[in-house]
Amino acid sequence: MKAILALADGRVFHGTALGATGEMTGEVVFNTSMTGYQEILTDPSYCGEIVTMTYPQIGNYGINLEDVESRQPFLSGFVVKEACDFPSNWRSTMSLDAYLKENGIVGIQGIDTRALVRHIRDQGAQNGIISSLDLDPESVVAKARKAPPLVGRDLVKEVTCDKPYHWDEGPWKLGEGYVKNDKPSRFRVVAYDFGIKRNILRNLVAAGCDVTVVPATTPAKDVLAMNPDGVFLSNGPGDPEPIVYAQENIRELLGKVPLFGICLGHQLLALALGGKTFKLKFGHRGGNQPVQRSDDRRVEITAQNHGFAVDADSFSDDAIQTHTNLNDNTVEGLACRDIPAFSVQYHPEASPGPHDAAYLFERFIAMMEKEKKHA
Ligand SMILES: NC(=O)CC[C@H](N)C(=O)O
């Protein structure tokens with residue numbers, strides 16, 4: 001079956017349908033990871049986005065029901081050069097096409113993804129549509145132009161959990177699967193779910209935390225009433241600026257309890273500190289982004305997925321920039337000078353990607369340990 005991908009600026013690509021048939025609009029972005037498509041499909045931060053994979057063959061190791069990063073895929077479409085029909089892996093239970101169909105995600109394959117990515121790099125990420133119903137280029141371009149912009153929208157409300165829950169699953173082990181934590185936990189952590197990835201929760205459990213996940217709108221006073229040793233601010237979709245309720249809650253928590261933020265959590269912490277965020281031309285999405293630490297100048301290769309960034313000159317003297325992206329010099333991390341709070345723009349939990357930055361979970365533990373001693 002034929003399908004069409006149209007961008008709001010009028011560029012049109014013709015291919016064949018993948019996954020569900022239908023029409024979906026979203027901001028067209030690209031990810032350069034060579035593997036990890038299942039984790040990418042289920043990362044809630046992609047809500048509102050049509051994701052293009054630059055690696056030419058996707059789906060070759062199939063889909064299993066363990067390596068999901070959330071309860072369902074939230075992205076608005078999936079674009080690949082070639083989807084593999086014959087997956088081969090002992091953990092695979094279905095093909096990429098079947099998984100996308102089952103979850104109602106409209107995809108397209110057989111287009112020149114190199115040309116698409118070069119176009120996005122030159123013109124910037126923009127709205128688009130994948131359609132396997134309407135194949136008239138003019139009509140689909142018009143629909144892409146009418147799609148709501150990512151800027152200014154609260155997408156967190158679409159992906160957050162509706163009630164608090166306890167998380168006790170640790171990392172995956174060969175032959176055992178995801179292992180439950182049976183040891184007593186040293187630290188009680190409350191994790192704000194702005195669109196949280198499960199591997200963050202697994203890393204917190206592995207580091208010795210007892211984790212309770214709470215909905216994005218949970219007031220700071222309710223979180224403090226849970227008497228946590230630390231509060232985690234999760235990743236999540238869309239523009240951080242309209243998420244005012246989260247910025248207010250973070251402002252109330254600052255200085256009262258150690259804070260650690262990842263990606264959207266980092267942007268929200270910066271906004272709570274009086275900083276500003278802006279939209280990047282085409283974002284950072286992939287598993288090989290070089291990040292330099294300010295303290296010892298060491299470089300980490302990191303997993304990233306973000307379209308917004310913190311303005312380096314915007315946050316007050318209360319915080320310092322701790323990490324910098326070596327591709328474009330944007331802010332990749334910050335830390336408060338006098339109170340226990342820090343955050344990174346990238347993903348130390350990987351999933352998918354390199355583990356260079358896993359030490360940051362230990363840094364959060366050390367911060368909570370220090371505060372406990374002082375208490
Ligand atoms: N992974 C994330 O948390 C992404 C943060 C934010 N939605 C951005 O695109 O910049």
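Buried residues make up 53% of the 375 residues in the protein chain of this predicted model. The secondary structure amounts to 10 helices and 21 strands. The radius of gyration is 20 Å, close to the 21 Å that the globule rule gives for 375 residues, so the chain is as compact as a globular protein of that length. The chain is divided into two domains, and a ligand is surrounded by residues that include Ser45, Asn235 and Phe308.

**Overall dimensions and contacts**

- The C-alpha trace of the protein chain spans about 65 × 50 × 40 Å along its principal axes.
- Of the contacts with a separation of 6 or more, 75% are between residues 24 or more positions apart.

**Domains and their contact**

- Domain 1 covers residues 2-146, and domain 2 covers residues 156-374.
- The distance between the C-alpha centres of domain 1 and domain 2 is 27 Å.
- Contact between the domains involves 23 residues of domain 1 and 27 residues of domain 2.
- On the side of domain 1 that touches domain 2, at least two residues each come from β3 (23-31), α1 (37-41) and α3 (113-123).
- Of the elements on that side of domain 1, β3 gives the most, with 3 residues.
- By residue class, the side of domain 1 that touches domain 2 holds 9 nonpolar, 9 polar and 5 charged residues.

**Ligand shell**

- The residues around the ligand are Ser45, Asn235, Gly236, Pro237, Gly238, Cys263, Leu264, Asn305, His306, Gly307 and Phe308.
- Strand β18 (residues 299-310) contributes the largest share of this shell, 4 residues.
- The shell contains 4 nonpolar residues, 7 polar residues and no charged ones.

- Strand β15 (residues 230-233) is covered on both faces.
- Gly230 and Phe232 are buried on one side of β15, and Val231 and Leu233 are buried on the other.
- In a regular strand, side chains alternate between the two faces of the sheet.
- Strand β13 (residues 187-193) runs parallel to β15 and is joined to β15 by 4 bridges.
- Within that pairing, alanine 191 stands opposite phenylalanine 232 of β15.
- Strand β16 (residues 259-262) also pairs with β15 in the parallel sense, over 3 bridges.
- The bridge partner of valine 231 in β16 is leucine 259.

**Backbone exceptions**

- Most residues other than glycine have a negative phi, and most peptide bonds are trans.
- Cysteine 263 has a positive phi, near 60°, and is a residue other than glycine.
- This cysteine 263 lies in the loop between β16 and α9 (264-272), and Cys263 is also one of the residues surrounding the ligand.
- Cysteine 263 counts as buried because 28 C-beta neighbours lie inside 10 Å.
- Asparagine 329, likewise a residue other than glycine, has a positive phi near 65°.
- The loop that holds asparagine 329 is the one between β19 (319-325) and β20 (331-336).
- Asparagine 329 has 10 other C-beta atoms within 10 Å and is therefore exposed.
- The peptide bond from serine 351 to proline 352 is cis, with omega near 10°.
- Proline 352 is located in the loop between β21 (341-344) and α10 (359-374).

**Loop between β21 and α10**

- Proline 348 is placed in the loop between β21 and α10, and glutamate 349 lies in the loop between β21 and α10 as well.
- Proline 348 has 24 C-beta neighbours inside 10 Å, so this residue counts as buried.
- Proline 348 and alanine 358 are 10 residues apart in sequence, with a C-alpha to C-alpha distance of 5.0 Å.
- Leaving aside neighbours within four places in sequence, the contacts of proline 348 are Ile262, Ala357, Ala358, Leu360 and Phe361. Strand β16 spans residues 259-262.
- Glutamate 349 is buried because 26 other C-beta atoms lie within 10 Å.
- The C-alpha atoms of glutamate 349 and leucine 360 are 9.2 Å apart, and the two residues are 11 residues apart along the chain.
- Not counting residues up to four places away in sequence, glutamate 349 touches Lys197, Asn199, Ile200 and Asn203.

Note on methods:
Residues are numbered from 1 along each chain as its sequence is written. This is a predicted model: local features need pLDDT of at least 70, side-chain atom pairs count only at pLDDT 80 or more; totals for chains, interfaces and linings use all residues. A residue is near a molecule or strand if its C-beta atom, placed from the backbone, lies within 6 Å of it. Ala, Val, Leu, Ile, Met, Phe, Trp, Tyr, Cys and Pro count as nonpolar, Asp, Glu, Lys and Arg as charged, and the others, Gly among them, as polar. The radius of gyration is taken over C-alpha atoms; the globule rule is 2.2 Å times the number of residues to the power 0.38. A residue is buried if 20 or more other C-beta atoms lie within 10 Å of its own, exposed if 12 or fewer, and partly exposed in between; C-beta atoms are placed from the backbone. Two residues are in contact if their C-beta atoms, placed from the backbone, lie within 7 Å. Domain bounds come from an automatic or database domain assignment. Two strands pair if DSSP finds at least two bridges between them.
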